[in-house]
Structure formats: structure tokens, C-alpha cells
Amino acid sequence: MNSKNIKLGNGKIIEINEINIHKQKDLTKYAVVLEKISKSAGQNPENHIYKWINASDYLLVAKDIEEQQDVGFTMFRFLDNKVIYTGAMMINPAYQKKGIGNIFSNIIVKKFFIARLRNFFWNPFRALAPIYFIFRTQNPTVYYSYFNKVELYPNPNGTDNLAEKALNIASKYVTQLWPNAKFNKKTFVLKNAYMPAPGLALRPNKISWSKNRLINEMFERKLHLKQGSLDSLVVVGKIKLITFLKNI
């Protein structure tokens, strides 16, 4: 397990632990941590935690050093040399919008870039090709955390530059990642995504609306969150690696 300490803007020191899931003999203790953080965020994954774990290669857990409290996690997997899958990201509400999500994302992309460099050491220019990622969410705030930083599809602004690539990626991996749900290729809605674990679906009074009206409207139009929904939005993003490396 690798760990590093990072100082947030509010002065809090957060320890980020990186766990290689395949090197752990007993994942029960991590499942307990993930369940506790999820419940603090208003969602109850129950046994679905193990599906997250089994679909991922790595786990990141954020811990408040002063409070000695686990406050956030995400897990991920490299699907191929172009695409990253992020299975889940949960952050305690008291620690949301503090930069933890961005810290997670930076760690994941850096790790992916290093792995790609090793694979393409003979052709470093190939290692600088754009990176794509795929995830599902009901949460407008999670979507907003990526908005204006990377190219996303679906996009509330109506831009479809990424549409063809996003459809190719989704068509290739959606059934593998979420076999129990039906994917609508036109809307990118995953029907009944949370049927196996209804406790993960956002309750109408617990929706974390973003600061962007168009994003909120897109989520409501596609998922009908205000009525209560078990559907989810599949999101594909594109990271221009050269731009990312300039900003870290």
C-alpha cells in the first residue's frame, strides 16, 4: 500500500492511501471502510461494494489525519491503453468541494500515464495520446467536477465532438461493466442501473445539484431524479494529456 499526505485549501491534512486490490488477501476491512463512507454520503451500497471491488484494480482512500477519519474513496481500472474505468467515488459531505475529487483524478491519470510510458517506451509520442475515461453517475455535482476541465459526453451545451468516440467506448465496455442494465445508445442512459442495489440511488431530497443550470436540467431530463430513479447516466470523458501535464 502506498500513501501520501496532501494539504487541502482549508489547511486539513489528508492522507491518500493507494491499495492494489489484487495484492490484498482480505478485502473485508476495506469493504467496511467503503460502506461507512458511502453511508456518510447518504448512499447504502450493501453487498454491491464487492462488485465495485471485483470490477476494479486499485482503490484510493482519503483519511483526515487530525480526525483519524476515512472521508472519501474511489476505485479504478485500466481497461486498455486508452480507457480508464472509475467504478465509484464517494466523499463525506463535510469534505465535498474541498478538492479531494480532483486529487483522486490527478493520481489516477498520473498512474495511467506512467503505465502507458512503460508500455510504449519505444514510442513516447504514443504515450502522449489522449486518455479516455468512463463512469456512471446520478450525481450532477460529480459531473460538474469534470466540466470545463475535460471534454465530456453527453454534454449539456449540445456539443457532440466526442459523440462517435464515446459511443464506441460505451458500446465496447458497458455490457462488461454493468451487465444487469440496459444501455440506451441515443441518450446514454443506463436503465435500472441501481436495481441490484437500490440503496445507491439518490433520493429526491438528497440530490446534490451542481452550480450549472444546464447540467442540472440535463440530469433531470434524462434521469427524472426529482421523481426518484434507478437509472444512471453513462459519461465518457477525454483528457488531452499534454494539457494535463502542463497543469500539474
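**Close-up views of selected regions**

**A. The residue Q68 has its place in the loop between β3 (58-64) and β4 (69-78).** Strands here are DSSP runs of E with at least two residues, and helices are runs of H or I with at least four, both numbered from the N terminus. The model is a predicted one, in which local features need pLDDT of at least 70 and side-chain atom pairs count only at pLDDT 80 or more, whereas totals for chains, interfaces and linings use all residues. Residues are numbered from 1 along each chain as its sequence is written, and side-chain values use heavy atoms, with hydrogens and water left out. The phi angle of Q68 is near 50 degrees, a positive value in a residue that is not glycine.

Strand β3 pairs with β2 (residues 13-20) and with β4. Two strands are said to pair if DSSP finds at least two bridges between them. Between β2 and β3 there are seven bridges in the antiparallel sense, and in this arrangement I16 stands opposite A62 of β3. Seven bridges also join β3 to β4, and these two strands likewise run antiparallel; D64 has Q69, in β4, as its bridge partner. Together β3 and β4 make a hairpin with four residues between them, and Q68 belongs to its turn. Of the seven residues of β3, six are buried, so the strand is largely enclosed by the rest of the structure.

**C. Helix α3 contributes to the lining of the second largest pocket.** A pocket is an open set of points on a 1 Å grid over the protein atoms alone, where a 1.4 Å probe fits and protein lies on both sides within 12 Å along at least five of seven lines; lining residues have an atom within 4 Å of a point. The lining is made up of N2, S3, K4, I16, E18, I107, K110, K111 and I114. The buried residues of α3 include I103, F104, I107, I108 and F112.

**D. Aromatic rings of F76, F78, Y143 and F219 form two pairs.** Rings of Phe, Tyr and Trp (its six-membered ring) pair if their centres lie within 6.5 Å, and planes under 30 degrees apart count as stacked, over 60 as edge-to-face and the rest as tilted. By this rule there are 13 aromatic pairs. The rings of F76 and F78 have centres 5.7 Å apart and planes at 40 degrees, so this pair is tilted. The centres of the Y143 and F219 rings are 5.7 Å apart and their planes stand at 75 degrees, so that pair is edge-to-face. Because Y143 lies in helix α5 and F219 in helix α7 (residues 213-223), the pair ties together parts 76 residues apart in sequence. Both Y143 and F219 are buried, and F76 is buried too, with a relative accessible area of 0%. Y58, F76, F78 and F112 make up one aromatic cluster.

**E. The loops on either side of β7 (151-153) hold N148 and P154.** In the loop between α5 (140-146) and β7, N148 has a positive phi near 75 degrees, although it is not glycine, and N148 is exposed, with a relative accessible area of 68%. P154 lies in the loop between β7 and α6 (163-177), and a cis peptide bond, with omega about 0 degrees, joins Y153 to P154.

Methods: Buried < 20%, exposed > 50% of the residue type's maximum accessible area, 1.4 Å probe, protein only.
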